[in-house]
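Subject: Handover of a structure and findings

Dear colleague,

Please find the structure below, followed by an account of what was found in it.

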Amino acid sequence: MRAYLLSSALLLVSCDIGVESKPPPSTRLVYPSGLAFWRPEAGPSTNGFLYVASANFDKCYDSGSVIALDLDAVGVRPFGAPFDPSESLPNDVTSLGIGSQSYVQIQSFAGEMAMWSPPGRPPRLFVPSRDEGSVLHAVDVGADGLTLSCVQGGDRDCRANALSLLDVPGASNNLPSAPGPLGVSVAGTGDDARVWVTHTELAGPRTTIAEADLRGYLLHLPAANPTRDALNTDEFVVLGTNDRLSGVAHATAVGSRYVYASGRNSSSPQLGALPARFILRLVDRATPGRVLETDLELTYSVREARGVAVVPSAVRIPDPAAPESTIVDERVYLLARGPDTLLVLDVLNAAGTAPDAGTNPTVRIVSALPVPASASELEVIPRGPGRGNLVAVTGSGDEAVAIFDEEVGQLIAQVQVGDNDPNNPSQPFGLASDVRGNSARIFASTFGDGRVAIIDIPDLDRPQNARLVARLGARQGRDPRQGTSLCQETSP
């Protein structure tokens with residue numbers, strides 16, 4: 001999203017030039033970015049809990065934050081309820097009721113949010129932040145769904161001992177490192193789960209004038225131990241392949257064997273802005289350091305890629321070489337810019353075999369659909385076995401969340417989430433969802449106006465009836481002269 005990516009220019013913008021402490025508000029959201037949703041299988045919760053990262057984009061406050069919201073307590077309508085003509089929607093919820101234990105501070109410029117859900121315990125949240133330290137935050141959720149605690153140290157301030165992805169033990173000339181971390185995903189639910197992190201700035205010697213000396217990586221760490229003790233050079237996978245430039249990844253999606261990494265434009269202090277060097281690459285989780293090139297940019301011309309998601313395909317093709325098994329087929333959804341496009345891809349043999357067996361996965365384009373301007377993130381809404389999925393898409397240049405239906409092969413709904421105010425655009429960015437039975441609820445962070453939009457689809461057979469049912473948070477005021485917020489009230 002345009003404003004979201006101009007952080008380096010706005011580091012100098014501050015509404016408070018004094019030295020007095022100015023923590024972020026505990027009553028509202030400030031440039032919300034990453035989202036995660038959790039509903040305990042046992043317990044009284046009807047609507048579950050939503051977790052929101054505030055990015056503190058224009059540095060009005062000392063830090064960003066992560067908050068926990070009880071969707072029952074704030075008055076969100078019951079999940080899956082059919083629409084009643086007498087309902088007054090959307091419901092603008094300005095009082096979020098954030099308790100003192102449901103709020104922690106993190107570094108500014110938060111990116112995506114991912115959740116690790118190990119069996120038998122509440123989840124853990126992971127949030128990368130692109131502030132000066134380039135850190136990865138880990139935040140534990142209590143059994144009540146609302147209590148948040150800093151995994152890496154600190155009481156309510158998770159900046160203390162947050163894991164910096166710079167100055168890696170054993171590194172030389174800043175290689176490896178992950179400056180400007182943005183995307184995050186988790187592979188697995190058990191104790192061996194890994195957290196995968198992308199970064200937006202190329203790493204390398206500070207004095208180089210050659211892009212070939214710079215590197216882009218995917219970093220992976222144990223979800224159970226996201227500390228400096230677990231950080232070493234072996235956890236960094238170089239994204240370059242066969243002497244091709246590394247470039248950087250925007251987001252990742254975890255498949256049965258491979259991590260799918262979308263390639264975006266990058267930057268470096270030495271060379272400034274640089275174009276994307278790939279659109280989609282595959283990183284082999286079973287063979288460390290093995291990276292496969294898809295060459296999608298040779299088949300379909302786009303400038304860069306953003307959000308990516310993967311699901312098992314509805315079709316599994318028998319393997320003639322091993323009749324007792326099947327070739328795993330996966331479907332990948334990839335957002336691209338220039339032009340803004342949703343690429344739907346099929347990946348044959350996605351489980352793969354040993355790299356020397358000559359059975360690399362095969363990627364083919366199924367369809368390419370136009371999407372809202374400045375495509376940002378996507379969320380897949382599964383309908384179940386044998387059915388086509390729904391795909392929700394945000395674009396920071398639009399005021400709506402777009403919903404695509406695979407079963408009809410086109411856009412079937414555009415749900416407006418903003419107020420169409422050119423001086424205060426909503427800029428929808430992050431997505432999360434709650435899917436149960438034949439109903440779904442979509443959450444979208446509206447980065448520009450400081451809220452979270454909630455969209456209900458009571459019947460997945462009629463997704464065209466999707467409707468905005470609530471907006472959480474007070475509308476964030478902005479100064480149209482410079483595009484920054486008004487630095488409203490701090491915490492009481």
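Helices (H or I, at least four residues) and strands (E, at least two) are taken here as DSSP runs, numbered from the N terminus. This is a predicted model, in which local features need pLDDT of at least 70 and side-chain atom pairs count only at pLDDT 80 or more, while totals for chains, interfaces and linings use all residues. Residues are numbered from 1 along each chain as its sequence is written, and side-chain values use heavy atoms, with hydrogens and water left out.

The chain has 36 strands and two helices. Of its 492 residues, 58% are buried (under 20% relative accessible area, with exposed over 50% and partly exposed in between; 1.4 Å probe, protein chains only). Taking contacts (heavy atoms within 4.5 Å) with a separation of 6 or more, 59% are between residues 24 or more positions apart.

The largest pocket holds about 1300 Å³ of space. Its lining comprises 37 residues, and the closest to the centre are Met 113, Ala 114, Met 115, Ser 185 and Glu 379. On a 1 Å grid over the protein atoms alone, a pocket is an open set of points where a 1.4 Å probe fits, with protein on both sides within 12 Å along at least five of seven lines, and lining residues have an atom within 4 Å of a point. Grid points are joined across faces, edges and corners, and the volume is the space filled by probe spheres set on the points. Among the strands that each supply at least two lining residues are β1 (32–38), β6 (114–116), β11 (181–187) and β27 (375–381). By class, the lining has 24 nonpolar residues (Ala, Val, Leu, Ile, Met, Phe, Trp, Tyr, Cys and Pro), three charged (Asp, Glu, Lys and Arg) and 10 polar (the others, Gly among them).

One disulfide (a pair of cysteine sulfur atoms within 2.5 Å) is counted. It joins Cys 150 to Cys 158, with an S to S distance of 2.1 Å, and the link is left-handed, at -85 degrees about the S-S bond. Cys 150 is buried at 12% relative accessibility, as is Cys 158 at 1%.

Gln 152 lies in the loop between β9 (148–150) and β10 (163–164) and is buried, at 11% relative accessibility. Its side chain reaches the backbone nitrogen of Ala 138 at 3.3 Å, and a polar atom of that side chain lies 2.8 Å from the backbone oxygen of Pro 226.

Yours sincerely

Key. A polar contact is a pair of N or O atoms within 3.5 Å; within protein, one must be able to donate a hydrogen and the other to accept it, and residues adjacent in sequence count only if both atoms are side-chain atoms.
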